[in-house]
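Please consult the sequence and the structure shown here while reading.

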Amino acid sequence: MTERAKNCTSSGKPLTEVGSTAFPCPNCGNPIGRSPRCRDQGVSYTCSECGFVGP
Ligand SMILES: [Zn+2]
C-alpha cells in the first residue's frame, strides 16, 4: 500500500494544507483523504470503494 489519497474524501479539496491526513480505509484499504477542516468539524468520510463510513 503505497498509494495515498490526493483529495479530501469528504470535501474533495486537495490535501495540500498543513494538518491534512490520508490513511487506508479500515474495511478495504482504499486511500481515504481528510482535510483539516473536515477533521475539525468531525465530518464523516465515506469510502468510495466499499461505502464504509467513519468518523
Ligand atoms: Zn473501503
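Contact means that heavy atoms lie within 4.5 Å of each other. By that criterion, and leaving aside neighbours within four places in sequence, Asn30 is in contact with Phe23, Pro24, Cys25, Cys47, Ser48 and Glu49. The model is predicted: local features need pLDDT of at least 70, side-chain atom pairs count only at pLDDT 80 or more, and totals for chains, interfaces and linings use all residues. Residues are numbered from 1 along each chain as its sequence is written, and side-chain values use heavy atoms, with hydrogens and water left out.

**The zinc site**

- The zinc ion is coordinated at 2.3 Å by the SG atoms of Cys25, Cys28, Cys47 and Cys50. Donors are N, O and S atoms within 2.8 Å of the metal (3.2 Å for Na, K and Ca); water is not among the atoms, so sites may look incomplete.
- Along the chain, the donors of the zinc ion follow the spacing C-x2-C-x18-C-x2-C.
- The site of the zinc ion is tetrahedral, with angles of 106 to 113° among its four donor atoms. Four donors count as tetrahedral if all angles lie between 85 and 135 degrees. The ideal angle for four tetrahedral donors is 109.5 degrees.
- Cys25 counts as buried at 5% relative accessibility, whereas Cys28 counts as partly exposed at 41%. Buried means under 20% relative accessible area, exposed over 50% and partly exposed in between (1.4 Å probe, protein chains only).
- The count of disulfides comes to zero, where a disulfide is a pair of cysteine sulfur atoms within 2.5 Å.

**The hairpin**

- Strand β1 (residues 21-24) and β2 run antiparallel and are joined by four bridges. Two strands pair if DSSP finds at least two bridges between them. Helices (H or I, at least four residues) and strands (E, at least two) are DSSP runs, numbered from the N terminus.
- β1 and β2 form a hairpin with six residues between them, and Gly29 in the turn has a positive phi of about 85°.
- Asn30 lies in the loop between β1 and β2 and is buried, with a relative accessible area of 16%.
- From strand β2 (residues 31-34), Pro31 and Gly33 point one way and Ile32 and Arg34 the other way, and all are buried. In a regular strand the side chains alternate between the two faces of the sheet.

- Arg34 in strand β2 stands opposite Thr21. The relative accessible area of Arg34 is 6%, so Arg34 is buried.
- Not counting residues up to four places away in sequence, Arg34 touches several residues, including Cys8, Leu15, Phe23, Tyr45 and Pro55.
- The C-alpha atoms of Arg34 and Ser11 are 8.0 Å apart, although these residues are 23 residues apart in sequence.
- Ser35 lies in the loop between β2 and α1 (36-41) and is buried at a relative accessible area of 3%. Leaving aside neighbours within four places in sequence, Ser35 is in contact with Cys8, Ser11, Leu15 and Ser20.

**The nonpolar core**

- The largest nonpolar core has five residues in all: Ala5, Cys8, Leu15, Ala22 and Cys38. A nonpolar core is a set of buried Ala, Val, Leu, Ile, Met, Phe, Trp, Tyr and Cys residues joined through side-chain atoms within 4.5 Å.
- Ala5 is in contact with Leu15, Ala22, Pro31, Ile32 and Gly33, leaving aside its neighbours within four places in sequence.

Technical notes:
Tetrahedral: all angles 85-135°; square planar, octahedral: opposite > 155°, others 65-115°.
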